[in-house]
Every structure is written in C-alpha cells, then in structure tokens.
Amino acid sequence: MDKEMGFEVRLTAKELWQFSMYHANSGAMGLFNVIFTAAALFLLVFRWGTLTAAYRLLLLGCVLIFTVLQPILLYGKVKRQAKSPAITEPMYLTFNEEGLKVEQSGQQAEFTWEQMGRMDRKLSLVVLYMDRVHAYLLPRKLLGEQEEAFFEMAGKHLPKGRRKGF
C-alpha cells in the first residue's frame, strides 16, 4: 500500500523572505558578502582613528549593505510578491512512492522522484528544486508528525547527491 502525504501550502511573505535570503547568501555570493562585510567592519574598527569622516561613512555603508539593506530590500520585494495569485492561492503537494503531485487553481502536475532535481532541508523550509529555475517551498511546520516519515520517504527515493540536510 502506498503511503501518501499531502500538504496544503499557503506561503507567507516571511517564508518567501527566508527563501530569498537563503539564495542571496549561499554559495560564492554568500562567501563574498561575508568577506566584504568582515573586511569593511575590520577597517572601520581598527582604522577608526586614521579615517576621515567620509571614509568612516563609506565603510559603515559597506557594513550595512548585506546586513541591513539587502534583507530590507528583499523583504519589500517578497511582500509585493506574496500578494500575487500564484502565492495567495493554496498549493497542494502530495508525495507518495511514485513522486509528487502538485495542484493549484484547478491545474495539476505530476513528477516522478527521478524528475526532481534536489531537495534541501533548511531550518524552517524544505525546498524542492525541480531544475535551476523552478522550486516548491514546503514550510517545515506543515510536516508536523509526518516529518520523520517524510524525510525517510525522500531519502529512500533521492540519492545522497540530490538531497541536502538529511
């Protein structure tokens, strides 16, 4: 007998923001952000006495770009995005031994586990990448008591190289 797990997904701006922050700060870009911010902070702190007011202001701006400005701008973007019909309409994700069925606004698509690209387990989200552009977000709070069984099913069908965090 197939075990099926269905989830009604209604994404919030906060969840979209978490996903955006993950992408903006992962990989080489994330490493650059950390190094750039650390270098600016280092110069600001340890060269304070030798810097002119203009350089202090410039370095302070550099420190704030990725730590304050970027998160605020991303939140503004996803706040607008969260109002779009593609986000406000609930999405139904059903996982079983064959794969995934996605339903939204009367339309549906089915994917086998082999068609799925990668699944990442994040602190508050499960991100299922279908390819480099398309992804489905599943807030972990929706998994509830099924969380262990869900990751067991995904682990059974997705090879280690196509799953991250579990």
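This is a predicted model: local features need pLDDT of at least 70, side-chain atom pairs count only at pLDDT 80 or more; totals for chains, interfaces and linings use all residues.
Figure 1. Gln70 has a relative accessibility of 17% and counts as buried, because the cut-off for a buried residue is under 20%. Leaving aside residues up to four places away in sequence, the contacts of Gln70 are Ala24, Asn25, Asn33 and Ile65.

Figure 2. Phe36 is part of helix H2 and is partly exposed, with 27% relative accessibility. When residues up to four places away in sequence are not counted, Phe36 touches Cys62 and Phe66. The C-alpha atoms of Phe36 and Ile65 lie 9.7 Å apart in space, while the two residues are separated by 29 residues in sequence. Ile65 is also one of the residues that Gln70 touches.

**Figure 3. A nonpolar surface patch that includes Phe46.** The patch consists of Leu41, Phe42, Leu43, Val45 and Phe46, and together these residues present about 500 Å² of accessible area. Phe46 is located in helix H2, which covers residues 27–46. Is Phe46 buried or exposed? With a relative accessibility of 58%, Phe46 counts as exposed.

**Figure 4. The largest nonpolar core and the position of Leu138.** In soluble globular proteins, nonpolar side chains tend to be buried together. The largest nonpolar core of this model holds 35 residues, of which Leu93, Phe95, Met119, Leu138 and Phe150 touch the most other members. Two or more core residues come from each of strand S1 (5–9), helix H1 (13–24), strand S2 (91–95), strand S3 (99–104), strand S6 (125–129), strand S7 (135–139) and helix H5. Strand S6 makes the greatest contribution, giving 5 residues to this core. For Leu138, the contacts are Phe7, Val9, Leu93, Phe95, Leu125, Val126, Leu143 and Phe150, with residues up to four places away in sequence not counted.

**Figure 5. The salt bridge between Arg121 and Glu147.** Side chains of opposite charge can pair when their charged atoms come close. Arg121 and Glu147 meet through their side chains in a salt bridge, with an N to O distance of 3.5 Å.

Figure 6. The whole structure contains 7 salt bridges. In one of them, Arg10 pairs with Glu8, and the closest N and O atoms are 2.7 Å apart. Glu8 is partly exposed, its relative accessible area being 38%. In another, Lys101 pairs with Glu103, with 3.9 Å between the closest N and O atoms; this pair counts as a salt bridge because the cut-off is within 4 Å. Lys101 is partly exposed at 27% relative accessibility, and Glu103 is partly exposed with a relative accessible area of 27%.

Notes:
Residues are numbered from 1 along each chain as its sequence is written. Side-chain values use heavy atoms; hydrogens and water are left out. Buried means under 20% relative accessible area, exposed over 50%, partly exposed in between (1.4 Å probe, protein chains only). A nonpolar core is a set of buried Ala, Val, Leu, Ile, Met, Phe, Trp, Tyr and Cys residues joined through side-chain atoms within 4.5 Å. Helices (H or I, at least four residues) and strands (E, at least two) are DSSP runs, numbered from the N terminus. Contact means heavy atoms within 4.5 Å. Patches are made of residues with over 30% relative accessible area and no salt bridge: like charges are joined within 9 Å, nonpolar side chains (Val, Leu, Ile, Met, Phe, Trp, Tyr) within 5 Å. Accessible areas come from the Shrake-Rupley method with a 1.4 Å probe; for residues, only the protein chains shown count as cover.
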